[in-house]
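This report describes the fold of a chain, its contact with a partner chain, and selected local backbone features. The sequence and structure are shown first.

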2 protein chains.
Amino acid sequence: MQGARNADGPAPAGPGAAEGGKTAAFLSVEAARARILARLLPTQTEIVPLPEAWGRVSARLVPARLTNPPSDVSAMDGYALRAADGAAGAMLRVIGEAPAGHPFAGTVAPGETVRLFTGSVLPPGADAILLQEDAERHGESVTVRETVAAGQHIRRAGQDFAAGDTLIPAGRRLGARDIGLTAAGNHPWVAVHRRPRVAILATGDEITLPGEAIGPGGIINANAHALAALVRAGGGEPLVLPIVADARDAIAVATGDLRGCDLLVTTGGASVGAHDLVREGLGARGFAPDFWKIAMRPGKPLMFGHAGEVPVLGLPGNPVAAMVCGLLFLLPALARLSGLPGDPPASVPARLGAPVAANDRRADHLRARLSEGPDGGLVATPFPSQDSARLRLLADADALVLRPPLAPALAAGEIVPVLRLDGFGV
Amino acid sequence: MQGARNADGPAPAGPGAAEGGKTAAFLSVEAARARILARLLPTQTEIVPLPEAWGRVSARLVPARLTNPPSDVSAMDGYALRAADGAAGAMLRVIGEAPAGHPFAGTVAPGETVRLFTGSVLPPGADAILLQEDAERHGESVTVRETVAAGQHIRRAGQDFAAGDTLIPAGRRLGARDIGLTAAGNHPWVAVHRRPRVAILATGDEITLPGEAIGPGGIINANAHALAALVRAGGGEPLVLPIVADARDAIAVATGDLRGCDLLVTTGGASVGAHDLVREGLGARGFAPDFWKIAMRPGKPLMFGHAGEVPVLGLPGNPVAAMVCGLLFLLPALARLSGLPGDPPASVPARLGAPVAANDRRADHLRARLSEGPDGGLVATPFPSQDSARLRLLADADALVLRPPLAPALAAGEIVPVLRLDGFGV
């Protein structure tokens, strides 16, 4: 077993450092993400039936089409009466009852009362509720045992919302509660952004799909379907293209038809220059990358640009690096395409369960286990090995500990930002 | 606007307290959940193609069908050589190259070297890697500029996993990383639990669906589709039954055919005795509730039992209470049906942004906003109104502050457990 030493290559000496004989600018994670997001537009708006709007992003604000409650209603089981009649000891005549959905047709006059239930419409004339447990019923009459106060236990018309109020803003990912609120606002249809369609191209002479023949030195491609699942986690529709060899002509053919795609994600083989081949393969479409070096680990070789109208995100071939870059760049890109801002994934504070070494100039993302500390707070313990070839450790990780460039060494117990990996389909 | 006073009725005096003239045992949230979970069995196992396994629960452990890496490979770009030949200043003859997927056919003899790339198979004879940046290449020869160490920069066969290793345990919700790992383990198919199918029945004389005619005193039903969305969030398939009036015959007809359903969820109208009607409507199927009172707020009237073979979960008609009970009982039930343990939703600690009053004997669930405190930690500020009729406040909440029975008053800044509502489709 290897130690915690990074096996992903030496750090760049700094922005613009020479590497592999070429000089290229190294972008920060934040700058790269901003450049990607700035080039993406939300998909069109479509109308879907309410139940299909779950998980989608609202494209327009959702106004209340009615007032809720539509009129003053009782918040409790009891009796509607005039507060002036509600002194302890008073006796009232029960003139009817009004279950929810069956408002009382008449008016409550002095000395009268109407049996109500939670949600019942308050009948005209009444301005107070006598709670059921404060009432003594004898046939058609009721005795007040606790003096009532006017207005108490009444839910006023519009207390939840009034017609015309904004229930849901545009640009919200709709959860179950939003679906309920949209229903309550009387909307059978919802305007949402179309799900982004993301084509995924895995390239490499050595890779094959599970269940197919594996050549000498060959490995199974984990990236294509892991990224497809990540696209689903981000609310998109993946289109997994057939795997192609490391040859520019094959890449050109595979990417020749990107109709209907909002984004092409490529993931190179592990060989040097994989991105160069993709760049050349896309060249017939007028491809020029916006950038292709980034100061992070795992995941240095990242590329972004456009092939014709279609944005292209080139991820590393290393499966751990591809997935970490997917979290940091592909998920925000999907969010932006879906009509959300594309904020970086939210980090939470955690205490280190083990010391970490000082970081170099690359932002690092340490695979870690989460546990609960004695104070109930989160404890993040990085795995001893951070080898980017260990897919099993990535799958077993609960979080990534975020280590900014040049972050100092930290002792166990210090607080670090972590990106939780549990709970969002990742 | 109402104050923070709970409008959901008075607290029971304690377990077994009298209410509405009847004596019924009040169960705690935890006891009720345990009784529900104890009666549920995981659905059958089905085989699905790998890409469709995302979000599903593994029904069997997934073993590695091959070893990864399949042989010793280079972790870096560079040259394979014998460590004995790797002293600084030595010159070696380049006898070939081995891109990933194209292993070198021969053996590295003394004085020889083979050009390698990240992921290339280490050729026989070689036991060390000379990094590209430590090599000076002149035509067919290479000069060593930094002495190499045997074994460095080599990823050993099986370092990630060996054939037969367990990659994924049974009973794990499969995220994108798991899909990648399963692919890498050479599985085109995955054994997962069938998605639970949950029938949802909303009852009430006063309720209607969005876009349909609303009668006097009528309201739009938010529950059926909010719960259907919650079922989707929990990985199930909802079956939304047509809404029925508060009449036992109509309920009997609506629930007469539950073939293929793993769970029936009912949500009563707001009227008193709604659960009684459902109970009577289900009576023809031999229904007897296991329990139907619970010491919590919002959400007192909760019912659980079986109609024939089908488990029945009766939720409150109040939409806020229905959704909170959905989180606390329906999501764990779905988890159990899906092959997971059905653990209670995980709470996290947060500091109170405002004081809270002492709690009565009912576990309370305060709708709250989350913000970031000065130390980066979570701050939860309960809304001033906790009225369970305010659906909009529920939709706007980021979290529920959990208040156990008889919890003391707390000042702002004290730490409380909160249940986050963001980020899981709720």
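## Overall fold of chain A

The model is predicted. Among contacts in chain A between residues at least 6 apart in sequence, those joining residues at least 24 apart make up 71%. Seven helices and 28 strands are assigned to chain A. Its radius of gyration is 31 Å, well over the 22 Å that the globule rule gives for 426 residues, so chain A is more spread out than a compact globule.

Taken along the principal axes, the box filled by the C-alpha atoms of chain A is roughly 95 × 50 × 40 Å. Of the 426 residues in this chain, 55% count as buried.

## Domain division

Chain A is divided into four parts: domain 1 (18-43 + 195-338), domain 2 (48-65 + 167-193), domain 3 (73-155) and domain 4 (348-420). Between the C-alpha centres of domain 1 of chain A and domain 2 of chain A, the separation is 33 Å.

## Helix α2 of chain A

Helix α2 of chain A spans residues 176-184, and nine of its nine residues are buried, so the helix is largely enclosed by the rest of the structure. The buried residues of α2(A) include the charged pair A:R177 and A:D178, and also A:I179, A:L181 and A:T182. Just after α2(A), a positive phi of about 75 degrees is found at A:N186.

## Contact between the chains

The contact between chain B and chain A takes 78 residues from chain B and 78 residues from chain A. On the side of chain B that touches chain A, at least two residues each are supplied by α2 (176-184), β17 (219-220), α3 (223-233), α6 (319-337) and α7 (391-396) of chain B. By class, this side of chain B has 41 nonpolar, 27 polar and ten charged residues.

## Cis peptide bonds

In chain A, the peptide bond joining A:N68 and A:P69 is cis, with omega about -5 degrees. A:P69 is located in the loop between β4 (62-63) and β5 (73-74) of chain A.

In chain B, a cis peptide bond runs from B:N68 to B:P69, and its omega is near -10 degrees. B:P69 belongs to the loop between β4 (62-63) and β5 (73-74) of chain B.

## Positive phi at residues other than glycine

A:H153 has a phi near 65 degrees, a positive value in a residue other than glycine. This residue lies in the loop between β11 (141-144) and β12 (154-155) of chain A. A:H153 counts as buried because it has 22 C-beta neighbours inside 10 Å, where the cut-off for burial is 20 or more.

B:L406 is a residue other than glycine with a positive phi, near 65 degrees. Its place is the loop between β27 (399-403) and β28 of chain B. B:L406 is exposed because 12 other C-beta atoms lie within 10 Å, and a residue with 12 or fewer falls in that class.

## The surroundings of B:P417

B:P417 is part of strand β28 (residues 415-420) of chain B. With 17 other C-beta atoms within 10 Å, B:P417 is partly exposed. Leaving aside residues up to four places away in sequence, B:P417 touches B:S347, B:P349 and B:L402. The C-alpha atoms of B:P417 and B:R403 are 8.0 Å apart in space, and the two residues are 14 residues apart in sequence.

Definitions and conventions:
Residues are numbered from 1 along each chain as its sequence is written. Chains are lettered from A and ligands numbered from 1 in the order in which they are written. This is a predicted model: local features need pLDDT of at least 70, side-chain atom pairs count only at pLDDT 80 or more; totals for chains, interfaces and linings use all residues. Helices (H or I, at least four residues) and strands (E, at least two) are DSSP runs, numbered from the N terminus. The radius of gyration is taken over C-alpha atoms; the globule rule is 2.2 Å times the number of residues to the power 0.38. Two residues are in contact if their C-beta atoms, placed from the backbone, lie within 7 Å. Domain bounds come from an automatic or database domain assignment.
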